[in-house]
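User: I'm new to reading protein structures and would like to learn by walking through one. Could you take me through it feature by feature?

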Amino acid sequence: MDCSSSYNGQTYRPLIHRMKEHERCNTLNNAYDETLDKVKSAPAHHSLTTGHRIAWNDINILKTLPSRSHFDLTVQAAIHIRNPSMNRTDSAPKCSSFWNPILP
């Protein structure tokens, strides 16, 4: 990336499929759904609105879960999506700052 912004996503599907969706939104310039008034891909939207290039193949897996538990996925999202600037935090699960000293 050309900037220090970060994005933490979550998916049950193979990561390569989700990354291709983000990249496709960027390539086709359709990261925003005007009908729903909603961003479909935060990384693509960031790239399109700022002109920053995203290295779509330079990603890191922060956590792999042993089960497909929605609860576990939500807990991990709350832990990892505390400060990333590209994430839509209005709908993201919240984690109290009380836990910051012991969280990654």
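User: Let's start with backbone angles. Which residue just after H1 takes a positive phi?

Analyst: That's Asn29, which comes just after H1 and has a positive phi of about 55°. Keep in mind that this is a predicted model, so read the angle as a value computed from it. What makes Asn29 worth a look is that the positive value sits in a residue other than glycine. Asn29 belongs to the loop between H1 and strand E1 (32-33).

User: Is Asn29 buried or exposed?

Analyst: Asn29 is exposed, because its relative accessible area is 57% and the cut-off for exposed is over 50%.

User: Which other residue has a phi near 55°?

Analyst: Look at Asp37: its phi is near 55°, again positive in a residue other than glycine. Asp37 is in the loop between E1 and strand E2 (38-39). With a relative accessible area of 58%, Asp37 counts as exposed.

User: Let's step back a bit. How many helices and strands does the protein have, and in what order do they run?

Analyst: There are three helices and two strands. Starting at the N terminus, the order is α-β-β-α-α. Of the 104 residues, 25% are buried.

User: Now H1 itself. How do I read the length of a helix, and what does H1 (residues 15-27) reach from its first C-alpha to its last?

Analyst: The idea is to compare the end-to-end span with what 1.5 Å a residue would give. H1 has 13 residues and reaches 18 Å, close to the expected 18 Å.

User: Which residues of H1 are buried?

Analyst: Met19, His22, Cys25 and Asn26 are the buried ones in H1. They cover an arc of only 120° around the axis, so they sit on the same side of H1. Here's the general idea: an α-helix has 3.6 residues a turn, so residues three or four places apart point the same way.

User: What do the buried residues of H1 pack against?

Analyst: They pack against H2. Take Asn26 as a case: it is buried, with a relative accessible area of 17%. Leaving out residues up to four places away in sequence, Asn26 touches Ala44, Ser47, Leu48 and Trp56.

User: And on H2, is His46 buried or exposed?

Analyst: His46, a residue of helix H2, counts as buried at 14% relative accessibility. His46 and Ala31 are 15 residues apart in sequence, and their C-alpha atoms are 8.8 Å apart in space.

User: On to charges. How many salt bridges are there?

Analyst: The general idea is that side chains of opposite charge can pair when their charged atoms come close. Here the count comes to three salt bridges. Arg13 pairs with Glu21, with 2.8 Å between the closest N and O atoms. Arg18 forms a salt bridge with Glu21 too, its closest N and O atoms being 2.8 Å apart. Arg13, Arg18 and Glu21 are therefore linked in a network of salt bridges.

User: Where does the remaining pair sit, the one between Glu23 and Lys20?

Analyst: Glu23 and Lys20 are in helix H1, three residues apart, so about one helical turn separates them. The closest N and O atoms of that salt bridge are 4.0 Å apart. Arg18 and Glu21 are likewise three residues apart in H1, about one helical turn.

User: Last topic, the surface. Which residues make the nonpolar patch?

Analyst: Leu15, Ile59 and Ile61 make a nonpolar surface patch of about 250 Å². Ile59 lies in the loop between helix H2 (42-50) and helix H3 (70-80), and is partly exposed, with a relative accessible area of 36%.

Notes
Residues numbered from 1 in each chain as written. Predicted model: local features only at pLDDT ≥ 70, side-chain atom pairs only at ≥ 80, totals over all residues. Heavy atoms only, no water. Helix = DSSP H or I, 4+ residues; strand = E, 2+ residues; numbered from the N terminus. Buried < 20%, exposed > 50% of the residue type's maximum accessible area, 1.4 Å probe, protein only. Patch = residues over 30% accessible without salt bridge, like charges linked within 9 Å, V, L, I, M, F, W, Y side chains within 5 Å. Areas by Shrake-Rupley, 256 points an atom, 1.4 Å probe, with all protein chains shown as cover. Salt bridge = Lys/Arg side-chain N within 4 Å of Asp/Glu carboxyl O. Expected span 1.5 Å × (residues − 1). Arc of directions from axis to C-beta. Contact = heavy atoms within 4.5 Å.
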